[in-house]
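Let's take a friendly look inside a protein chain. Keep the structure open while you read.

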Amino acid sequence: MASVDIRHEKGETRGRYVIEMDGSEAELTYSIASPVLIIADHTGAPDELRGRGLAQALAARLVADALEGEYKIVPLCPFVASEKRNHPEWAAAFQ
């Protein structure tokens with residue numbers, strides 16, 4: 001997959017990573033449980049964006065930011081939980 005631009009939006013209690021493509025958005029949302037813990041809630045893309053690896057790119061960015069920011073992820077989202085199992089090298093990012 002080619003490189004994509006991922007926008008990170010963060011509020012006080014929630015945040016999301018977004019990829020805009022072809023007039024649609026793929027996103028990964030999370031809740032901020034504490035300064036050192038976030039809960040990955042949902043990953044989704046409309047049908048027209050599926051199959052392009054966007055959800056995987058969003059999960060990879062989430063993990064990279066967690067490792068850099070020294071916080072942990074609780075993978076409530078089934079997709080993020082699956083990616084955790086598929087990428088043992090990401091283990092340090094998860095609680």
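## Before we start

This is a predicted model, so local features need pLDDT of at least 70 and side-chain atom pairs count only at pLDDT 80 or more, while totals for chains, interfaces and linings use all residues. Residues are numbered from 1 along each chain as its sequence is written, and side-chain values use heavy atoms, leaving out hydrogens and water.

## The core

The largest nonpolar core has 23 residues. (Such a core is a set of buried Ala, Val, Leu, Ile, Met, Phe, Trp, Tyr and Cys residues joined through side-chain atoms within 4.5 Å; buried means under 20% relative accessible area, with a 1.4 Å probe and protein chains only.) Strands E2 (14-21), E3 (24-34) and E4, plus helix H1 (54-69), each give it two or more residues. H1 gives the most, with seven. (Helices, at least four residues, and strands, at least two, are DSSP runs numbered from the N terminus.)

Phe 94 is among the residues with the most contacts inside this core. Setting aside neighbours within four places in sequence, Phe 94 is in contact (heavy atoms within 4.5 Å) with residues including Val 63, Ile 73 and Val 80.

## One aromatic pair

The whole structure has one aromatic pair. Tyr 17 and Tyr 30 sit 5.9 Å apart, centre to centre, with 40 degrees between the planes, which makes the pair tilted. (Rings of Phe, Tyr and Trp, using its six-membered ring, pair if their centres lie within 6.5 Å; planes under 30 degrees apart are stacked, over 60 edge-to-face, and the rest tilted.) Tyr 17 is in E2 and Tyr 30 in E3, 13 residues apart. Tyr 17 is buried at 0%, and Tyr 30 is buried at 3%.

## Thr 43

Thr 43 lies in strand E4 (residues 37-44). Buried or exposed? Thr 43 counts as buried because its relative accessible area is 14%.

Technical notes. Buried < 20%, exposed > 50% of the residue type's maximum accessible area, 1.4 Å probe, protein only.
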